[in-house]
Amino acid sequence: QKEVEQNSGPLSVPEGAIASLNCTYSDRGSQSFFWYRQYSGKSPELIMSIYSNGDKEDGRFTAQLNKASQYVSLLIRDSQPSDSATYLCASRSGGYQKVTFGTGTKLQVIP
Amino acid sequence: SAVISQKPSRDICQRGTSLTIQCQVDSQVTMMFWYRQQPGQSLTLIATANQGSEATYESGFVIDKFPISRPNLTFSTLTVSNMSPEDSSIYLCSVVGLGVDEQYFGPGTRLTVT
């Protein structure tokens with residue numbers, strides 16, 4: 001069974017620090033990886049996608065992928081209280097396949 | 001990304017009744033999914049809505065309880081039938097657009113069953 005594992009948290013970081021969110025996946029055939037942000041009471045919002053080993057940067061967010069270790073991470077630089085949310089990691093093994101979601105990590109950024 | 005709307009945004013229903021939730025996308029999409037998210041819990045996939053054919057249900061979900069229609073590439077409905085308080089949840093429509101790999105979510109429908 002395909003699984004995506006995340007630490008549920010909460011992960012608490014002070015404002016301005018780097019938040020590091022981690023995720024592992026079990027399906028070696030996974031090709032696409034996603035990070036979603038979900039505020040309380042809202043639906044998940046896609047913030048990053050990554051497909052190749054290495055780093056992908058978008059503003060304050062950096063996604064990192066290591067397929068050999070089956071490991072995906074999200075770094076949030078200069079964390080803000082508005083980044084406080086649950087972050088969902090997800091993977092897909094190919095086109096027209098359903099996405100497998102982790103259970104999410106709750107991030108708290110302390111002012 | 002596609003703009004996804006859901007109706008209703010919330011509803012309070014009595015047990016034993018049924019509610020139909022609509023999902024409308026502003027552009028054609030390849031895949032449409034229905035998820036459920038109970039308070040404080042992660043996403044649970046109910047089914048994949050297939051255009052012009054029966055939906056593909058995940059383990060634990062059956063067509064009699066959650067009938068789904070998808071008559072075209074931009075619209076789908078999920079019906080929650082014979083509701084009980086355990087069906088109180090947020091129901092989310094999610095889509096994958098044409099020619100893209102990313103999956104996006106609608107705003108959700110908050111259902112409370114009394």
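This is a predicted model: local features need pLDDT of at least 70, side-chain atom pairs count only at pLDDT 80 or more; totals for chains, interfaces and linings use all residues.
Residues are numbered from 1 along each chain as its sequence is written, and chains are lettered from A in the order in which they are written. Local features need pLDDT of at least 70, side-chain atom pairs count only at pLDDT 80 or more, and totals for chains and interfaces use all residues.

**View 1. Where chain A meets chain B.** Here 19 residues of chain A are in contact with 19 residues of chain B, contact meaning heavy atoms within 4.5 Å. The two chains bury about 1500 Å² between them, 53% of it on carbon and sulfur atoms; this is the accessible area (1.4 Å probe) lost on putting the two parts together, summed over both.

**View 2. A salt bridge between the chains.** K98(A) pairs with E58(B), and their closest N and O atoms are 2.5 Å apart. A salt bridge is a side-chain nitrogen of Lys or Arg within 4 Å of a carboxyl oxygen of Asp or Glu, and the count between chain A and chain B is 2.

**View 3. An open sheet in chain B.** Follow its 4 strands in the order β1-β3-β8-β7, with antiparallel pairing; strands are DSSP runs (E, at least two residues), numbered from the N terminus, and two of them pair if DSSP finds at least two bridges between them. At the edges lie β1 (4-7) and β7 (68-72) of chain B, each pairing on one side only. β1(B) and β3(B) (residues 19-25) share 4 bridges in the antiparallel sense. Look for S5(B), whose bridge partner in β3(B) is Q24(B).

Notes. Side-chain values use heavy atoms; hydrogens and water are left out.
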